Amino acid sequence: MLIAREKKKSNIAEYILYMWQVEDLLRALGFNMKQVKEKVIDRFEVAEDTAKEMYDWYDNLSEMMRKEKVEQKGHLQILKNNVDELTELHYFLLQKANDIRYRQIVTMATRNLIDFRLKSEAGNEVSDVELALNALYGQLILRLQKKEIYLQTAQAMESFSKMIGYLAACYHKNEREG
């Protein structure tokens with residue numbers, strides 16, 4: 001909750017990836033709030049009222065996941081909405097704003113996006129933004145598992161990271177100005 005709050009303010013892409021990790025954490029703990037308290041909340045050394053707020057936050061997320069039927073896989077609608085907002089911004093920057101810098105970044109990522117789409121068997125209904133986020137999340141999981149990331153994969157992830165980083169910066173700039 002504390003990390004999510006800060007990430008949402010500073011970097012929407014990091015927030016989405018973090019929240020996907022929280023969803024997976026809740027799944028791994030079987031939505032058992034006793035385990036969430038012991039393995040997650042108690043590790044933060046916070047005041048009792050903050051710990052209670054954190055407990056309620058995780059409990060509410062668990063309930064939302066159950067209601068939205070994403071206990072096994074998938075993402076909460078609110079996170080899908082965030083991805084959709086980034087996707088809309090992606091198309092705006094490419095088509096309406098004709099952002100040359102962003103167009104260059106996307107061009108550098110295009111081959112990697114095509115390759116990852118084929119390897120992951122993602123259909124065309126998955127936007128390039130969601131695809132890049134999925135790839136970056138996969139890399140995050142590999143790092144957490146301390147697994148080797150091959151040079152070609154790392155280079156592809158760097159192209160995705162630049163694309164998503166630029167989008168996130170534009171998103172927050174629009175949020176501040178809007």
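**Helix α7 and its neighbours**

Q: Which residues in α5 meet α7, and where in α7?
A: From α5, V83, L86, T87 and H90 meet D128, V129, E130 and L133 in α7. Contact means heavy atoms within 4.5 Å. Helices are DSSP runs (H or I, at least four residues), numbered from the N terminus, as are strands (E, at least two).

Q: What classes of residue make up the contact of α5 with α7?
A: The contact of α5 with α7 has four nonpolar, two polar and two charged residues. Ala, Val, Leu, Ile, Met, Phe, Trp, Tyr, Cys and Pro count as nonpolar, Asp, Glu, Lys and Arg as charged, and the others, including Gly, as polar.

Q: What kind of model is this, and how are residues numbered?
A: The model is predicted: local features need pLDDT of at least 70 and side-chain atom pairs pLDDT 80 or more, while totals for chains, interfaces and linings use all residues. Numbering starts from 1 along each chain as its sequence is written, and side-chain values use heavy atoms, without hydrogens and water.

Q: Back to the helices. At what angle do α5 and α7 pack?
A: Helix α5, residues 77-96, packs with α7 at an angle of about 125°, and their axes are 8 Å apart. Axes are lines fitted to C-alpha atoms (for helices, over the stretch in contact), with angles from 0 to 180 degrees between N-to-C directions.

Q: How are α5 and α7 described, then?
A: The two helices, α5 and α7, are therefore oblique to each other. Under 35 degrees counts as roughly parallel, over 145 as roughly antiparallel, 65 to 115 as roughly perpendicular and the rest as oblique.

Q: What about α6 and α7; how do their axes cross?
A: Helix α6 spans residues 100-120; its axis and that of α7 come within 10 Å and cross at roughly 70°. The helices α6 and α7 are therefore roughly perpendicular to each other.

Q: Which residues meet there?
A: On the α6 side, L113, F116, R117 and S120 meet D128, L131, A132, N134 and A135 of α7. By class, the contact of α6 with α7 has five nonpolar, two polar and two charged residues.

Q: A single residue now. Where is Q139 placed, and is Q139 buried or exposed?
A: Q139 has its place in helix α7. Q139 is buried, because its relative accessible area is 11%; buried means under 20%, exposed over 50%, and partly exposed in between (1.4 Å probe, protein chains only).

Q: What is Q139 in contact with, leaving aside its neighbours in sequence?
A: Leaving aside neighbours within four places in sequence, Q139 is in contact with I149 and M157.
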